[in-house]
Amino acid sequence: MGKMTVYHGSYTIVKNPEILRHRNTKDFGVGFYCTVIREQAERWARRYDTGVVNTYTLRMNTELNILEFKDLCEEWLDFIIACRRGLPHEHDIVIGAMANDQIYNFIADYIDGILTREQFWAMARFKYPTHQIAFCSAAALKCLTFVSSEELPKNDRT
């Protein structure tokens, strides 16, 4: 597989990505999250007082355990539900669409029995494309090479 550019939105420069264990459960579990969509990384960075977009070159190691969801599907939904419940998985890298806050509210409603699975899918169509890559192991992080970082202008983070 060739090289590609990926982005990570943060509050700081991240030259050496790490997998940090947080209290928060994320879509694809514990990992270092990037995206191929720069605008999405900018949205992630704008959550902070000082927003920084870090750029990396990604050269995928195909010997790793990689799970990719090419589209929204039942397996994607079940995987996110399991990860958001804090259940571990054995994948080094997980790739797919992001369940943004609105989508996660629909997932919570599905888990609580307020929505049926069919109702969830009817409501869960994204208004803009999303993408995320979770690097879930030390071996996966070795696929990334830091290129640069850019602090977003303050007036750009409203």
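Trainee: Which strands does helix H1 lie across, and at about what angle does it run to E1?

Mentor: First, some ground rules. This is a predicted model, where local features need pLDDT of at least 70, side-chain atom pairs count only at pLDDT 80 or more, and totals for chains, interfaces and linings use all residues. Residues are numbered from 1 along each chain as its sequence is written, and side-chain values use heavy atoms, with hydrogens and water left out. Helices (H or I, at least four residues) and strands (E, at least two) are DSSP runs, numbered from the N terminus. For angles, axes are lines fitted to C-alpha atoms, for helices over the stretch in contact (heavy atoms within 4.5 Å). Angles run from 0 to 180 degrees between N-to-C directions. Now your helix: H1, residues 38-45, lies across E1, E3 and E7 and runs at about 20° to E1.

Trainee: What is the order of the strands in that open sheet?

Mentor: Strands of a sheet pair through backbone hydrogen bonds, either parallel or antiparallel. Here, two strands pair if DSSP finds at least two bridges between them. The order is E1-E3-E7, 3 strands with antiparallel pairing. E1 (3-10) and E7 (144-151) are the edge strands, each pairing on one side only. Ignoring direction, neighbouring strands of this sheet are turned by 25° against each other on average.

Trainee: How many bridges pair E3 with E7?

Mentor: There are 7, in the antiparallel sense. Take Val-53: its bridge partner in E7 is Glu-150.

Trainee: And which residues does Thr-57 touch?

Mentor: Thr-57 sits in strand E3, residues 52-59. Leaving out residues up to four places away in sequence, Thr-57 touches Lys-3, Met-4, Cys-143, Leu-144, Thr-145 and Val-147. Look at Thr-145: it is 88 residues from Thr-57 in sequence, yet their C-alpha atoms are 5.1 Å apart.

Trainee: Why does Thr-57 count as partly exposed?

Mentor: Buried means under 20% relative accessible area, exposed over 50%, and partly exposed in between (1.4 Å probe, protein chains only). Thr-57 counts as partly exposed because its relative accessibility is 21%.

Trainee: How many salt bridges are there?

Mentor: A salt bridge is a side-chain nitrogen of Lys or Arg within 4 Å of a carboxyl oxygen of Asp or Glu. By this rule the count is 7. One of them joins Arg-84 to Asp-27, with the closest N and O atoms 2.5 Å apart. That pair links distant parts of the chain, 57 residues apart: Arg-84 is in helix H2 (residues 74-84), and Asp-27 is in the loop between E1 and strand E2 (32-34). Asp-27 is buried, at 3% relative accessible area.

Trainee: Where in the chain are the partners Glu-150 and Arg-38?

Mentor: Their closest N and O atoms are 2.7 Å apart in another salt bridge. Glu-150 is in strand E7 and Arg-38 in helix H1, 112 residues apart.

Trainee: Which residues cover the two faces of strand E5?

Mentor: In a regular strand the side chains alternate between the two faces of the sheet. In E5 (residues 93-96), Ile-93 and Ile-95 are on one side, Val-94 and Gly-96 on the other, and all are buried, with both faces covered. E5 pairs with strand E4 (residues 66-68) in the parallel sense over 3 bridges. Strand E6 (residues 132-135) runs antiparallel to E5, joined by 4 bridges.
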